[in-house]
Each structure stands twice: as structure tokens, then as C-alpha cells.
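Please keep the sequence and the model in view while reading.

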Amino acid sequence: MTEVLTAEQMRAIEQAAIKSGAASGLELMERAGRGVVEAICDKWPEFSGGSVAGGAAPRPAAVPRDISEKLKRAAVLCGPGNNGGDGFVVARLLKERGWAVKVFLYGDAAKLPADAKVNYQRWCELGAVQALSTVTFEGDQTWLLTDLVVDALFGTGLTRAVDLPLVALDAEPAVGHTHQVVAIDLPSGLCSDSGRVIGEGAVQADLTVTFHRRKCGHVLADGPEYCGSVVIKDIGLAPTAEVGGQSRPVWRDVPDAGVLAKGQGAHKFTHGHALILSGGAGRTGAARLAARGALRIGAGLVTLGVPPSAQMEVACQITALMLQRVGEAGALGEILSDDRINALCLGPGLGKERARELVPIALQNHERAVVLDADALSAFGDDPQALFDMLHKKCVLTPHGGEFARLFPDLAQRLAEPALCGPSYSKVDATREAACRAGATVLFKGADTVIAEPDGGCSVSAAIYDRSAPWLATAGAGDVLAGFITGLLARGVAPHEAAATAAWLHVECARSFGAGMIAEDLPEQLPKVFSGLGI
């Protein structure tokens, strides 16, 4: 797991390093610029060197000798803050490699921050700086006749809409020309904290180079669409957990294999007994998907609780799963007198009326883990507080966007407001507030899935960039996820860890199967995914 930072947290970490004497602002800016150039050369090996214009500048010894001698051109667009300072460093380093470089400045050079001004002056010893304005973007676009455009305009510092038409950076180059767009820290026009577009548009980057850690804007909302690919460069900042205000969300990498493995000498009850409640006849498929997921992920026993009308339908469909007749609330209460049933899942295909009847019974024992999904959430859309009053810390709620809006309408409204000024309200903020209000773990679904617990702990487990899994957009995939979480809870995994691990595995199963996947395929990929984890 690695931290994901807000802009404020990143600034605090940088200032702490400067204040401690570990690095000066100029040193950090130089390291950042060098990191960008390294990332460019790694991404596009053909850019790893440049011809020496007029023989005036010697090729650095590190530049390979077998590169093309075609003159390479870059346009570096610098903003009025320290992101612009990084851009001046990149321009200078490219120039030293023999590139033909044009530099544009948006703003007044006299008002640049001190470190950015130093690097502006260093560049001015090598070349000119042209003013960048709306006229530059909308008028003469000959600056696009280049191999590389470096967006060093705003990065993580943008908090308001600007008058530059940033979408002009997406303009098609002239016939016979191509260019790549590299963003420093974050494509200009995106909010660093929410990942949402501020104003009318944002830069569409092919590569985004950021420093120290991912920012929330790289992984939330529109961020993955505009960032292209993201490379994180180390600029020598030590981890400083005490710096930067609120606890930071984490990016979920490979899960702990110890959470998933089974030790020798155990028996089925060692790994728990999950009960998945089903809807009536013709509505049992979702619960069966969830139950299959719970069993595959390692729950020792999984029982489907079905109303009388669905008994024959379900009995014809299952083998390793068990079947229990569960009609009204009284029947559920009697079944739950068996303490060996340590995890429940309610919602998939349950029906709102049945959910309203059974959810209160399911939540009576605060020592039993409960996953509430789909109808178990929507059934309380007219009175969310009634649900929250019943929840406890062993509960996991798994809403998609519509369900989240029904349970937390004010938070959903804040998320829907335009990202125009100040640090925008983000999905991380909304999920944290929802978990605190509900007193339970909340997994807010989406390509940018966010999981939060009541004490503020938060993680992001997203299907983005090289983990993109578009085939998860299929009926029943969410039911399988609910089953994965339930199975891990039955095995004794804590709610936040269970939800985050299940979300990661959910994506890996989809990627393992690939195109053509349907929900039934997801549980069947778990053995292959486990094998890849060494389990």
C-alpha cells in the first residue's frame, strides 16, 4: 500500500523537508525537472537524446550514441507558480540535450515565486520566453509543430477556472507532425484533490509525471481519463506521516497473502459460515452469484436463505452451497441463534419489502459481520437514519452512485457541484463522511472505488490505468463483489480490510478472464488469481 496525497498534504511534506534542511526548494525543483526528463526518455526511447544544434552544445555522455540525429523540438508551457519553475528546469535540461525548445510563460515573470524565478532566469540565459495567452492558443498554433508539449502550467496548484482554453492543447497537429503531451504533477485544468475538471476543460496528457506519491486527482473521477499514464518520481522526500493534516488514503496494491491463505489443520468452521439471503422465485440469481463468490474466496460454509417460493428453483442450481428456508423475520431470527453463522449478506435480489423486514433482524447481533448491498440499501432510501441507527462497526455498505445518493443525498449533492473554486469536494471526502455518519465501513463503487471506515481510515482500489477492467460493467458483477466481502468477513477479516481486499480481487478476476466476461466467470477466476499471488 502507498499513500495518496491531497495538494495540501504534499505541500506540507515539501515544506517540512525544506524547514528541516533536508533539501532546499531549488534542489527539489531541480530533482523534479530531472525526473520529468527521465520519465519522458523512458516512455519514448526515441526522445532519449537530441541532435546538437549548430554543434554548439556537446551531447551529454549519458546520451546513447545510436540515437537519431533528427532535431527534436519541444514547447514548454510554464505557469505562474512552482509548477512553472519545474517547467523551466525541464526546458533547460532538454536544451542541454540538444533539443530545440520554445518556452511560453502564462503570467508575469516578476511575480514568480522565488525558486521559480531563479529557474526562469537560468532559462533566459539560454533562450527566449514568449508570453502565453488566449491569443497564443486560439490564434497562431505553430508552436504545436513540435515533438513534445510540456504542460507546466498549474499542476496541483489550480483552485479556480482560468481563462486559458486548455483544451487547445488537444488540437490536431499539422499534417505530417505529431506531438506527445507531458503534464508535470497533474494535467492543468484538473483538481488535484477531486480529479474533476475545473471550468471548461483540461489538458489531455499522454504522460503525467508526479513526485513522491500519487495525488488524489490521479485516481479519482476524471483523473485517469486526462492523465494518460502516471509515473511517480522520487525527489528525496522522506515519509513523514505526521505531516499534512488528515490521515491519508492509501492506494491498494497487492493484498496481504496471509489474509487469504488457509493454514494446515483447520476445518470448515475455522473459516466461518456465511448466510446469503435471497429474494423470491425468479429473483434468486443475484444471491446465488454472491454465495458462489463467498465460497470461492474461502468461507468454510455458505448457505443460501430462500423464501418458500424459491426453494425448488435454488435447489436445482446449487451443489457445494447449502440451502435453508428463510421466510419471514421470525424464521431468520431462529436461524441466527446459531452463533456459528458469523457473516450475513443481504441485498442482492432481495426485494425492498423483504429487505425492510429482514435487515433489522440481521443487525441485532453486533458481533456478527453484515454486508448490505442493493435492495438492503435502497429499501431505506426514504429514511436513511433508520438504517444508520441499526448499524454497527462490523457492517459493510456497498452502494453504487445511485444508492449512495439515496442514503447520503447531501453528500451526493456536494459531489455533483461544479469544481470551480478551492479544493473540490472529492469521492474520498464523501466516502469518509458517509462512513462516519453510518458508523460502518462504506465501499463506494465505481472505477474509482473508495473504501472508508468510521475512524477516517480510507483506501482507493480502482480499476484504472494498467488495471482497467471495463468488463466489470455487466449485470451481477456487484453481487459477486458483495459475496467476496462476505466470504472474507466470515473468515474473520476486519471490515475495511475485507472490503478493500475483495475490491482488489474483483478487478484482478475481471482482468484475468478478459473480454467477454460475465458475472458468473468472476468467482471461477479466483483460483488462478490466488495462484498468481503465491497462495
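The sulfur of C509 lies 17 Å from the closest cysteine sulfur, that of C345, which is too far for a bond. This is a predicted model: local features need pLDDT of at least 70, side-chain atom pairs count only at pLDDT 80 or more, and totals for chains, interfaces and linings use all residues. Residues are numbered from 1 along each chain as its sequence is written, and side-chain values use heavy atoms, with hydrogens and water left out.

**Cysteines**

- A search of the whole structure turns up zero disulfides (a disulfide is a pair of cysteine sulfur atoms within 2.5 Å).
- C227 is in no disulfide, and the nearest cysteine sulfur, in C191, is 12 Å away.
- C509 is buried, at 0% relative accessible area (buried means under 20% relative accessible area, exposed over 50%, partly exposed in between, with a 1.4 Å probe and protein chains only).
- C227 also counts as buried, at 0% relative accessibility.

**Aromatic pairs**

- The whole structure holds seven aromatic pairs (rings of Phe, Tyr and Trp, the last by its six-membered ring, pair if their centres lie within 6.5 Å; planes under 30 degrees apart count as stacked, over 60 as edge-to-face and the rest as tilted).
- Y106 and F154 form an edge-to-face pair, 5.7 Å centre to centre with 80 degrees between the planes.
- Y106 sits in the loop between β3 (100–105) and α4 (114–124), and F154 in the loop between β5 (148–152) and β6 (180–184), so the pair ties together parts that are 48 residues apart in sequence. Helices (H or I, at least four residues) and strands (E, at least two) are DSSP runs, numbered from the N terminus.
- Y106 and F154 are buried.
- The ring centres of F404 and F408 are 4.9 Å apart and the planes are at 40 degrees, so this pair is tilted.
- F404 is buried at 1% relative accessible area, and F408 is buried at 0%.
- F388, F404, F408 and F444 make up one aromatic cluster.

**Charges over rings**

- The charged end of K427 sits over the ring of F444, 4.4 Å from its centre (NZ of Lys or CZ of Arg must be within 6 Å of the ring centre and within 35 degrees of the ring normal).
- R356 places its charged end over the ring of F380, 5.0 Å from the ring centre.

**Largest pocket**

- The largest pocket holds about 570 Å³ of space. On a 1 Å grid over the protein atoms alone, a pocket is an open set of points where a 1.4 Å probe fits, with protein on both sides within 12 Å along at least five of seven lines; lining residues have an atom within 4 Å of a point. Its volume is the space filled by probe spheres set on the points, which are joined across faces, edges and corners.
- Its lining has 26 residues, with R11, E14, N82, N83 and D86 nearest the centre.
- α1 (7–20), α2 (25–43) and α3 (82–96) each supply at least two lining residues.
- α1 gives the largest share, six residues.
- The lining divides into twelve nonpolar, eight polar and six charged residues (Ala, Val, Leu, Ile, Met, Phe, Trp, Tyr, Cys and Pro count as nonpolar, Asp, Glu, Lys and Arg as charged, and the others, Gly among them, as polar).

**Second largest pocket**

- About 340 Å³ of space lies in the second largest pocket.
- Its lining has 18 residues, with G446, A447, T449, L472 and H506 nearest the centre.
- α18 (477–490) and α19 (495–513) each supply at least two residues of this lining.
- Ten of these lining residues are nonpolar, seven polar and one charged.
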